[in-house]
Structure formats: structure tokens, C-alpha cells
Amino acid sequence: MSPVRVGLIVACLVGLGVLMHPVSGGAQSCPGGRLLLLTNGRIHTMDAQRTVVSRVRIANGRFVEVGDAAGSGVGCTDTIDLRGRTVIPGMIDNHFHVQLVGSRPGYETRAIETAFSIAEAQAVIRERAKTVPEGAFITAIGGLQPRQFVENRLPTLAELDAAAPRHPVYIHVSFNGPAVTNTLGKRFFESQAIPVAASGLIEVNGPTWNALDALRANWTLADTKRTMQQVFGYFNSMGLTTVHSVLGSQDRGPAQYFGWNEQRPMQELQREGALTLRLRLYFNTGPRVDGKPGNPRLADVLDTLWPDLGDDLVKTAGIGEHVVDWPLEGAVPLGDEYYQSVRQVARHGWQMMEHSFNEPNHAARADVWERVHREFPITNLRWSIDHVNTIEPPTLARMKALGVGVRAHGWRFLAGTPGQAGPPFRLLLDSGIHVGTGMDGAQAAPIDPWLNVYYMVTGRNVRGELINDGQQITRQEAVWLYTGGNGWFSRDEQRLGTVEPGRLADVAVLSADVFDPRAVPDEAIKRVHSVLTLLGGRIVHGSAAALGP
Ligand SMILES: [Zn+2]
């Protein structure tokens with residue numbers, strides 16, 4: 001489904017205050033409360049036995065009965081006939097830069113990441129144009145690469161004109177560009193003294209940064225909320241119901257741009273009851289204040305907040321993905337400022353996630369973490385190393401002994417080459433360390449978790465090249481990394497990630513049976529999505545009617 005339609009559905013649901021759909025049965029008063037029964041499905045619970053059941057009963061936002069005998073119970077029961085569809089627990093992305101998405105100007109068009117040819121990209125833009133006010137910018141910024149299109153190039157000005165003759169269009173690769181625009185966009189950028197080639201191309205770095213600034217000139221908090229909400233709808237359309245939000249980013253933050261702090265749009269959406277994703281908040285204490293050493297941001301967080309503060313929808317989780325300034329953190333060996341900061345995190349009993357690419361990064365961390373651990377044990381603090389493109393077994397064993405987990409990210413589906421692959425999914429799973437996955441979207445990587453599932457299962461990048469051979473995992477394992485495997489990181493393993501009595505009733509009803517290679521050949525995994533997504537038992541994407549006759 002296009003993000004446009006998703007956005008509309010979400011907006012309608014929120015606008016009407018209708019979040020538990022009447023499915024069958026009337027609107028009579030229900031002393032026993034409203035119950036929801038899902039029947040006739042292939043519900044992969046992702047519990048320890050990997051049980052598959054046909055029915056579950058939901059009450060007050062949680063699963064209360066799971067199994068083929070689940071009944072309607074006492075009270076008014078709505079029933080959804082799943083019509084044999086495959087169902088999985090709501091998916092969790094364990095590392096995502098939410099504010100990066102929210103601060104994107106224009107009418108963001110995330111479905112571009114599921115376009116694998118110029119014609120498909122044109123179709124996405126054409127669809128988007130139907131609901132964007134005439135003259136407003138249709139944008140797609142980050143999370144895309146020319147190589148995702150079979151033509152191995154960006155669309156041209158003429159191709160964008162053909163898709164959206166009445167809207168300016170701006171498509172921007174990764175962090176710095178390049179970007180491409182159409183005739184209306186070219187007219188706008190040239191009026192701002194930003195050079196645009198006849199082909200529509202805007203060069204990397206300077207010109208693309210200026211283009212983003214120009215697009216943000218009249219950007220408002222309401223625009224950010226609209227964008228965020230619409231992108232959250234896109235998450236829901238893929239089956240995602242929880243995101244670990246990594247605050248802070250390499251981008252200039254909204255405070256510099258717009259004068260509000262980066263959590264404010266999320267706060268307001270929460271207050272308005274408009275969040276359709278559970279958020280787990282991580283605090284990026286890395287950026288230096290006025291370029292000075294010391295770590296006042298970290299002291300602020302540790303002195304004023306505590307982890308696991310909040311509720312099932314939004315709660316604080318930890319420090320990350322940078323505890324100190326990134327260049328310091330990348331230095332090997334790590335210096336005293338790093339040691340002192342990490343020591344404070346452990347001393348205060350906080351969780352920490354850390355950007356850590358490769359073996360020298362991990363080994364340097366293990367040295368410091370083991371030293372800190374002798375003074376303030378970290379075994380139960382759920383620390384993690386994030387991204388982990390490579391790791392050597394001895395270092396992995398050291399991390400495992402510390403109780404540290406690995407968040408392995410699949411962004412090399414998009415960016416990876418035969419010499420630049422990983423993470424070593426097979427090695428990680430076989431090691432027995434806590435492991436989960438995500439995409440680290442949406443600047444370097446897409447959001448769509450099924451692109452990552454495809455990568456984990458096949459070892460192939462978006463060009464179809466086998467780049468991660470020997471590290472493939474099964475479809476069951478890949479989906480588990482997105483569900484049960486991710487519960488542990490935010491201390492949600494008793495709440496999220498599996499379909500079991502007492503857990504929060506988040507599920508995704510899939511477009512196809514991704515566990516059956518005959519129904520979904522490897523190449524088709526990239527096209528899987530959710531046709532019905534429930535968050536705490538309420539519909540946040542799709543409709544029961546769409547499940548078919
Ligand atoms: Zn990172």
C-alpha cells in the first residue's frame with residue numbers, strides 16, 4: 001500500500017477517534033468489555049516452541065487466550081476471520097532515527113524504497129501526487145540509492161515530469177545526495193540560486209544541503225508531525241509496531257532549524273492519541289557542547305531521568321547510539337573521556353547501545369567495558385553493540401560473557417558490495433548471544449523490514465549480488481530477529497515480540513505466507529507487507545474487509 005493511503009487511513013482513524021473497529025456484532029454496551037477474536041489464521045506465535053495456532057483472543061489490548069481452542073469468552077466479541085492468512089507478532093525495529101524522518105521537508109514518499117525500476121518509482125510518485133496539494137513538493141530523502149533501480153541510475157527530470165507534471169519533485173540520495181528534481185523543482189531551486197543541471201541533477205554536499213535548507217524555509221511543527229505520522233503509517237503498513245528511537249543524528253537537529261527539541265513532535269502525537277507505533281527512547285549524549293570536552297549532556301540525562309520511565313506505548317530505554325562524540329568513540333584505543341562516560345552509565349544502572357562497526361571498534365569497547373564491569377557489573381544492564389558489520393568469535397565471546405547483545409542491521413542490502421557485507425547473521429545466532437535486527441533507517445537505509453529479511457535469508461543485495469554468503473539464516477530466524485529477538489533489548493521480552501497470553505496484542509497479518517518458499521520465492525520476500533496491523537488490539541493499518549472474501 002502506498003504511504004498516501006496509509007496516511008489517510010491513519011488520519012481518518014485518529015480524526016474519528018475510531019480505533020477499535022467494529023468487525024461484527026453491534027455497538028451495544030458491553031459490561032464485560034469488548035473482546036476481539038482472530039480466527040482461521042496461521043498465527044506464528046514466535047514462542048520458544050515456535051507454535052503456530054489458528055485462533056487468539058484479545059482483551060484490553062493484550063492476548064488472553066492463544067490456541068486453536070481460544071473462544072469468545074464473556075463480553076461482546078468482535079471477530080476477524082483471517083481467511084487462512086499468515087500472522088506474526090508486530091515487528092520491532094531496534095535502531096531507527098525518528099527525528100530524521102520528521103525533519104524532512106515536503107510530502108515525504110517512503111514507498112520509493114520499494115521501487116526497483118524507474119517505472120516503479122514513477123508509479124509511486126504518480127500515486128503520491130493524487131493526495132499532495134498541487135504545487136507542494138513531493139520528496140523522497142534518504143534511504144534510497146540509484147543502484148536499487150534496475151537501470152542503476154536516478155530518474156531524470158523528464159521522467160519525474162512524466163510522473164508528476166503539476167508538482168515539484170525532489171529525490172535525495174542517502175545523507176549528502178546527489179539529488180534530482182523535475183521542471184517545477186528546477187524553477188524553484190534556481191530561484192534560490194541553487195544550480196540544477198539540465199538532467200535535473202543537483203550535485204552532492206553544498207548544493208544538496210542548500211536545497212534542503214531552501215525546502216525547510218517555511219517548515220512548521222505541524223508539518224513535522226504530519227510527516228512523522230504518515231511515516232509511522234508506512235511502518236505499520238510493513239508490519240512494524242515498535243521502534244527503538246535513536247535521538248540525535250548526523251543531521252543538523254530541529255532545534256537549530258526550527259526552535260523546538262527533537263522529541264516535541266513525538267510528545268505531541270502521544271498526547272493527542274495519534275501514535276501508531278510504540279517508541280523506546282534512546283538518548284544520544286555524544287555531540288559536544290560548544291566543542292568542549294567533558295560530557296554535560298550525559299550528566300543531564302543521568303541526573304534527571306531514569307530508564308524504563310513511561311508506559312507500554314512510550315518509555316525511556318537507554319543511552320545511545322553515541323555516549324561520547326563520535327570521532328572519540330571511533331578512536332582506538334578509546335580515551336579517558338570515553339572510560340569516564342561509560343563508567344557513569346554503568347554506575348547509574350542505565351542501558352547503553354553503541355554504534356560499533358567492526359572488530360577494532362568492538363575489541364576496544366570490550367577492553368573498557370570489562371574494566372568498568374569489575375567496578376559496576378553490567379551483566380543485567382542490556383548493553384549492546386550496534387550495526388556490527390564484522391566481528392571475530394573471541395570478541396563475540398567476550399561480549400556474550402558481559403551479557404551484552406548485538407543489534408545487527410541489514411542496511412548493506414542497499415549499500416553493500418562483495419567486499420562490504422555483513423553482519424554475520426549466522427555466526428551471531430549460532431553464538432547464542434542476544435541478537436536482534438533493524439535497518440538503522442531512514443537516511444542510510446530503507447525502513448521496509450522485508451528488504452532486510454530478504455537480505456538475511458539470501459545474502460543478496462538489492463542488485464541481486466551474493467555478498468553475505470555463509471551468513472544466511474532461515475526465514476523463521478529472520479522474522480524472530482524482528483520480533484522475539486528484539487524484545488530483550490528494551491526489557492520488553494515479557495510484553496512484546498511473541499503472541500502469548502499476557503503480551504501486548506500487536507500483530508501483522510501478512511500479504512503472503514513468507515514462511516513457505518513455494519508461496520513466496522526468495523525474490524518475492526521483498527514484496528511482502530502487512531494487510532492488517534493491530535497495535536494493542538486496535539487496527540492501525542488495513543481493514544478486516546481487505547482480507548478478502
Ligand atoms: Zn550508527
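## Helix 9

Helix 9 packs its buried residues against helix 2 (98-102), helix 7 (221-238), strand 14 (240-246) and strand 15 (278-283). The helix runs over residues 264-271, and its buried residues are Pro265, Met266, Glu268 and Leu269. Seen down the axis of helix 9, these residues fall within an arc of 165°, so they line one face of the helix. Just after helix 9, Gly273 takes a positive phi of about 70°.

## Confidence

This is a predicted model. The average pLDDT of the chain is 90. A score of at least 70 is reached by 92% of the residues.

Where pLDDT is low, predicted coordinates should not be read in detail.

## Helix 5

Helix 5 spans residues 183-191, with Gly185, Lys186 and Phe189 buried. Down the axis of helix 5, the buried residues fall within an arc of 100°, so they line one face of the helix. An α-helix has 3.6 residues a turn, so residues three or four places apart point the same way. Arg187 and Ser191 are exposed on the other side of helix 5.

What do the buried residues of helix 5 pack against? Their partners are helix 4 (157-163), strand 11 (169-172), strand 12 (179-181), strand 13 (201-202) and helix 6 (206-215). Just after helix 5 comes Ala193, with a positive phi of about 65°.

## Helices 13 and 14

Two packed helices are described by the angle between their axes and the distance between the axes. For helix 13 (residues 359-375) and helix 14 (residues 393-401), the axes come within 10 Å and cross at roughly 35°. The crossing is left-handed.

Helix 13 brings Glu359, His362, Ala363, Arg365, Ala366, Asp367, Trp369 and Glu370 to the contact. Helix 14 brings Thr395, Arg398 and Met399. By class, the contact has four nonpolar, two polar and five charged residues.

## Gly41 and its loop

Gly41 sits in the loop between strand 1 (34-39) and strand 2 (42-44). Is Gly41 buried or exposed? Gly41 has a relative accessible area of 10%, so it counts as buried.

Leaving out residues up to four places away in sequence, Gly41 touches Val53, Ser54, Leu82 and Arg85. Arg55 is 14 residues from Gly41 along the chain. The C-alpha atoms of Gly41 and Arg55 are separated by 6.5 Å.

## Backbone exceptions

Most residues other than glycine have a negative phi, and most peptide bonds are trans. Which residues does a cis peptide bond join with omega at about 5°? They are Gly320 and Glu321. Glu321 is in the loop between strand 16 (314-319) and helix 11 (326-330). A cis bond also joins Gly422 and Pro423, where omega is about -5°. Pro423 lies in the loop between helix 15 (412-415) and helix 16 (425-431).

Arg382 is not a glycine, yet has a positive phi of about 60°. This residue is in the loop between helix 13 and strand 18 (384-387). Arg382 is buried, with a relative accessible area of 14%. His387, in strand 18, has a positive phi near 90°. At 1% relative accessibility, His387 is buried.

Technical notes: Residues numbered from 1 in each chain as written. Predicted model: local features only at pLDDT ≥ 70, side-chain atom pairs only at ≥ 80, totals over all residues. Heavy atoms only, no water. pLDDT = per-residue confidence, 0-100. Buried < 20%, exposed > 50% of the residue type's maximum accessible area, 1.4 Å probe, protein only. Helix = DSSP H or I, 4+ residues; strand = E, 2+ residues; numbered from the N terminus. Arc of directions from axis to C-beta. Contact = heavy atoms within 4.5 Å. Axes fitted to C-alpha atoms, helices over the stretch in contact; angles between N-to-C directions. Left-handed = near helix turned anticlockwise from the far one by under 90°. Nonpolar A, V, L, I, M, F, W, Y, C, P; charged D, E, K, R; others polar.
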